[in-house]
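Dear colleague,

I am passing on the structure we spoke about, and I would be grateful if you could look through it alongside the notes that follow.

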Amino acid sequence: MTMKLGDWIIVLLFGCLVFFHFRGIDSAAGKDLPAGDVFDRKHLLFIIDFRDFSCMTCLDSFLGLYRQLPSRLKSSGAWGILVLKESEKDDTSASWIAEKKLRGFVRANRITFPILVDREHIFKGMAEKGSCVLLLDGTGSCLHKYDFPLSGDQFEEFFRVLNN
Amino acid sequence: MRFFLTLFMVVVPFLSGWGAVAQSVVLEEVLTIGDLDDDSLFQWVGVVADPEGNIYVTDAMDYSLKKFDKTGNFLAKTGRRGQGPGEFTAPRLLDCSRQFLFVTEQYQPVIKVFDKTLQYRFHIPLAGPVGDIKVLDDDMVAVAALSARGGNHVAFYDLSGRFVKTIPLSPGPSRSLMNMVSFDIDSRGNLYVAYNFADRIEKFDCSGQKMWSKKMLGIDQVKKKKISSHIIPLEIVYKDVALDRSGNLYVLGGKFSRNRSRDVYVLNPDGELLWSLTLPDTSHCIYIDGNDFLYARANEGISLKKFKMVSK
């Protein structure tokens, strides 16, 4: 990962809230991003591939990681993007279905960070290999990208980098 | 009124080459549970109906078992994510006896048993994860193993998990997912099997004697991928089977069907194709209750549809 990609992610993440129509989910709907402290510590961006909702074991790695995150990251230092798949259904129906499944998943697993639905398919390219997590430094540069499921070594490395 | 709003389609005239009877069937939608904007179902997986018409559903997205009355009203829910009594990690298949509901968990060698008020009662330990399940009564369950770890057979257990008997299936690759099957058992104990990754539908009598074997779609083999030391099939041929009251076998086709995951082939007990149906939406399974209503998925699992099958 390069600085350019990290910059791009941050620009997209914040810029698209202005220029594109994203929808927040459940209690996180419309939540203001904590711009004041965005640039002073590490953050996480979860890219969640909608197709993984058909495979609960595919989500286990994500949930295992989520459960071990420091509480500050769970509440204000992480964001998620739900990337929609190509669907036989029209975009509106596909989006409603995705949002409903996400709502059930978020509630059942008590996920507290906001997860936005990428209705414009902006992040589609980042989910080519499925769901992943980007570890960003305080300036928004991407330090590491991990594809789910993480191996044991990747899991340890993730938390080592996060905590350093 | 939610019922009878939609008259769904389907019919399929018969291919004379299959020696079919000139008959057609219309699916008439009589009930929908779960809509785009409610919270009743997030991604249902297993379904079963009891003799009173109550409908039970496993929901993988919120790790639950849910109960609805015969008009689709929500009655009760149990379960949450976890590995304790009454909790789920990935609830899957569902069947019922007079007293109990039996729920499988993906990749876990266990069947969790609940009463019909959804109170957790006990679990049945098994030798391996479950590929398909059929409850025969309040004292026996039949299980097809997830074949990469289990054998190529349907095994029968009592409710304590004690092995009772087995019916071996047709030989296949050793310890391979290629052997995975969906099955159903009729009132005489005959076993009907559709192979998930091979073009093969078979009937065995209760002693394990093969009665017939059918290849309906002309598929020689499916695409596979080698991951680590495992050969993983990538294309599903038949997704599920169910029997109606007359003993006809309904087989849901997968990737190779004309209407992928929507075509249902109906065979008589002798294995002759009677007719086929096309579901209005893709489904991962079919279920037929004691009154011959057919249940299937819609909207990628957030809706459950119940159909009346009307002969024309």
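For what comes next, two strands are taken to pair if DSSP finds at least two bridges between them. Please keep in mind throughout that this is a predicted model.

I begin with chain B, where strand 3 and strand 4 form a hairpin with 5 residues between them, and where Gly53(B) in the turn has a positive phi of about 95 degrees. The two strands, of which strand 4 of chain B covers residues 55-59, run antiparallel and are joined by 4 bridges; one of the pairings links Trp44(B) to Asp59(B) in strand 4 of chain B. Strand 3 of chain B (residues 44-49) is largely enclosed by the rest of the structure, because 6 of its 6 residues are buried.

Turning to chain A, the count is 5 helices and 5 strands, and from the N terminus on these elements follow the order α-β-α-α-β-α-β-β-β-α. Of the 164 residues in chain A, 35% are buried. Among the contacts in chain A between residues at least 6 apart in sequence, 77% join residues that are at least 24 apart.

As for how the chains meet, 12 residues of chain A are in contact with 15 residues of chain B. On the side of chain A that touches chain B, the elements giving two or more residues are helix 2 (56-67) and helix 4 (91-108) of chain A, and helix 4 of chain A supplies the largest share, with 8 residues. By type, the residues on that side of chain A divide into 6 nonpolar, 3 polar and 3 charged.

With best regards

Terms used: Residues are numbered from 1 along each chain as its sequence is written. Chains are lettered from A and ligands numbered from 1 in the order in which they are written. This is a predicted model: local features need pLDDT of at least 70, side-chain atom pairs count only at pLDDT 80 or more; totals for chains, interfaces and linings use all residues. A residue is buried if 20 or more other C-beta atoms lie within 10 Å of its own, exposed if 12 or fewer, and partly exposed in between; C-beta atoms are placed from the backbone. Two residues are in contact if their C-beta atoms, placed from the backbone, lie within 7 Å. Ala, Val, Leu, Ile, Met, Phe, Trp, Tyr, Cys and Pro count as nonpolar, Asp, Glu, Lys and Arg as charged, and the others, Gly among them, as polar.
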